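Please consult the sequence and the coordinates alongside it.

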Amino acid sequence: MTLIVFSILWKTLATASVIIAAGRLARRLGPLLTSVLITMPFNAGPGFFFVALDQEAAFIAEGALMAFGVTGIILLYCTAWVHAARHFNFVVTSLLGICAWLALVLLLDLLLPSLLVAGCSVALGAVGALVLRRRDIPKPVAPPSAAGWRFAIVRGLAAGIVVATVATASPWLGAHWSGILLAFPTTLLASTWMLWGHYGRDFTAATMNAAQPSLVVYASFCLALHLLAGPVNGVAAVLIAFVLSGVVAGFYALVLMSLSRR
């Protein structure tokens, strides 16, 4: 029991540090670059790394395949969240987004897992997000100060607990549901909680809107991990996939900065 508690604790702290960094950097980066930061695999990355310490590469590959398929659902989660934010407070907005995520995940779970099914899920999610994308968000104005440390730490720890618990429970959940739950938009949810409270509705909605195309970063991690786990061991696959997603994030950020200067 003590080992389980310690496992959850250190995994929580590792994951929370990323959420805290996102909150502190948000004002300096602005909504576009913040969206790239919060779509890095800072929840699934540590989660799969912790799982890989105890499970075989085949387990990681199957979980990553499910996480890749759920990327399309996260696109629609962002879409539902941004539209709900026009009419409701943060709690109701997030609950509606989670309900949309859960309903679509249960539909995906009815299908036999394969790279084709996962790819179709991502493609359909991308098309749906493009068609339904909200285009009337006012230009956000950030406050003069960054979010306080206490504000960011509480929300970071909340996200870390979710990731650490799923990773620790993976032997009982199995690869299929471990992948799905690690793909739950924990980082997005925790980050929007922090951003809404300090930067306001418009800044948060603009960040979530920008997060939709930025999810190419997260999708690249999941796809690379699925393909790499097996040819290399699970831990190495996670590390390589994370580095590759960082390269994609850097390239995408450069493109965004280039376009914003025009």
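Two residues are in contact when heavy atoms of theirs lie within 4.5 Å. The model is predicted.

Q: With which residues is Arg86 in contact, leaving aside its neighbours within four places in sequence?
A: Arg86 lies in the loop between helix 3 and helix 4, and at 38% relative accessibility it counts as partly exposed. The C-alpha atoms of Arg86 and Asp136 are separated by 9.9 Å, although the two are 50 residues apart along the chain. Leaving aside neighbours within four places in sequence, the contacts of Arg86 are Arg134, Asp136 and Arg201.

Q: Which residues does Ala84 touch, not counting residues up to four places away in sequence?
A: Ala84 is found in helix 3 and is buried, with a relative accessible area of 7%. Between Ala84 and Gly97 there are 13 residues of sequence separation and 7.9 Å in space, C-alpha to C-alpha. Not counting residues up to four places away in sequence, Ala84 touches Thr93 and Leu96.

Q: What share of the contacts with a separation of 6 or more joins residues 24 or more positions apart?
A: Of the 262 residues of the protein, 52% count as buried. The accessible surface comes to about 11,900 Å², and carbon and sulfur atoms hold 74% of it. Among contacts with a separation of 6 or more, the share from residues 24 or more positions apart is 85%.

Q: How far apart are the end C-alpha atoms of helix 5?
A: Helix 5 covers residues 115-132, which makes 18 residues.

Q: Within what arc do the buried residues of helix 5 fall?
A: The buried residues of helix 5 are Ala118, Ser121, Val122, Gly125, Gly128 and Ala129. Seen down the helix axis, they line one face of helix 5, because they fall within an arc of 135 degrees.

Q: Against which helices do the buried residues of helix 5 pack?
A: An α-helix has 3.6 residues a turn, so residues three or four places apart point the same way. On the other side of helix 5, Leu116, Leu124, Val127, Leu130 and Val131 are exposed. The buried residues of helix 5 pack against helix 3 (57-84), helix 4 (90-109) and helix 8 (201-214).

Q: How many of the 14 residues of helix 8 are buried?
A: The end C-alpha atoms of helix 8 are 20 Å apart, in agreement with the 20 Å that its 14 residues should span at 1.5 Å a residue. The buried residues of helix 8 include Phe203, Thr204, Met208, Asn209, Gln212 and Ser214. Helix 8 is mostly covered, and its buried residues number eleven.

Q: Which residues is Ile98 in contact with, leaving aside its neighbours within four places in sequence?
A: Ile98 is in helix 4 and is partly exposed, with a relative accessible area of 23%. Ile98 and Leu189 are 91 residues apart in sequence, yet 9.2 Å apart in space, C-alpha to C-alpha. Leaving aside neighbours within four places in sequence, Ile98 is in contact with Tyr77, Phe184 and Leu189.

Q: To what number does the count of disulfides come?
A: Cys78 is buried, at a relative accessible area of 0%, and Cys222 also counts as buried, at 1%. A disulfide requires a pair of cysteine sulfur atoms within 2.5 Å. By this rule the count of disulfides is zero.

Methods:
Residues are numbered from 1 along each chain as its sequence is written. This is a predicted model: local features need pLDDT of at least 70, side-chain atom pairs count only at pLDDT 80 or more; totals for chains, interfaces and linings use all residues. Side-chain values use heavy atoms; hydrogens and water are left out. Helices (H or I, at least four residues) and strands (E, at least two) are DSSP runs, numbered from the N terminus. The expected span of a helix is 1.5 Å times one less than its number of residues. Buried means under 20% relative accessible area, exposed over 50%, partly exposed in between (1.4 Å probe, protein chains only). The arc is that of the directions from the helix axis to the C-beta atoms. Accessible areas come from the Shrake-Rupley method with a 1.4 Å probe; for residues, only the protein chains shown count as cover.
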